[in-house]
Amino acid sequence: YIATHIATFEEAPVTVADIEARITLVLDASMPYFVADLDGAIRGYTYANKWMARSAYRFTLESTIYLHPDATGQGLGARLYDVLFPEIEARGAHSVIAGISLPNAGSVALHERMGMTKVSHFGGVGFKFGRWIDVGHWQRTFQDTPHPG
């Protein structure tokens, strides 16, 4: 994806040590991280993390999901989110937000299938492959989340 797609705004290769450090940060923050291992091969992952640092945002999380290019369009993204969303709701999250670089019809379809609604569109906030890239945000609110008081 780094070399061929706008799904990530990474522009340089990421090392195994980089990924390990990122996973550790998520887990050290007591956030969920799930990996799809199909027949011994990693085909995707998803995790949640803080959306913003300020205290009042503490009930909103950001979700991230990546699928191997060979694993798209097969329902794996929905299966990963079917594990992630109940986990973050159980942790007391009121809502989850996902950022999507645009255009990305497959990712938009997945997030909308998961009950997320487009809530923002920023034009030209990323620059990759010699062009400006838009980013949209999709949000899902967990209606049964109790008010924190």
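Where is D39 found? D39 is found in the loop between strand 1 and strand 2, the latter covering residues 41-50. The close-ups below take a look at this spot and a few others in what is a predicted model.

View 1. Is D39 buried or exposed? D39 has a relative accessible area of 84%, so it counts as exposed, the cut-off being over 50%.

**View 2. S30, another residue with a positive phi.** Here we look at the loop that links helix 1 (16-28) to strand 1 (33-38), where S30 is found. S30 isn't a glycine either, yet its phi is positive, at about 60 degrees.

**View 3. A cis peptide bond between L102 and P103.** Check out the bond joining L102 and P103: it is cis, with an omega of about 5 degrees. And where does P103 sit? P103 has its place in the loop between strand 4 (95-102) and helix 3 (105-113).

**View 4. A nonpolar patch on the surface.** Which residues form this patch? They are F9, F122 and V125, and together they have about 280 Å² of accessible area. Now pick out F122, which is found in strand 5, spanning residues 117-128. F122 has 42% relative accessibility, so it counts as partly exposed. That value lies between the cut-offs, since buried means under 20% and exposed means over 50%.

Terms used
Residues numbered from 1 in each chain as written. Predicted model: local features only at pLDDT ≥ 70, side-chain atom pairs only at ≥ 80, totals over all residues. Heavy atoms only, no water. Patch = residues over 30% accessible without salt bridge, like charges linked within 9 Å, V, L, I, M, F, W, Y side chains within 5 Å. Areas by Shrake-Rupley, 256 points an atom, 1.4 Å probe, with all protein chains shown as cover. Salt bridge = Lys/Arg side-chain N within 4 Å of Asp/Glu carboxyl O. Helix = DSSP H or I, 4+ residues; strand = E, 2+ residues; numbered from the N terminus. Buried < 20%, exposed > 50% of the residue type's maximum accessible area, 1.4 Å probe, protein only.
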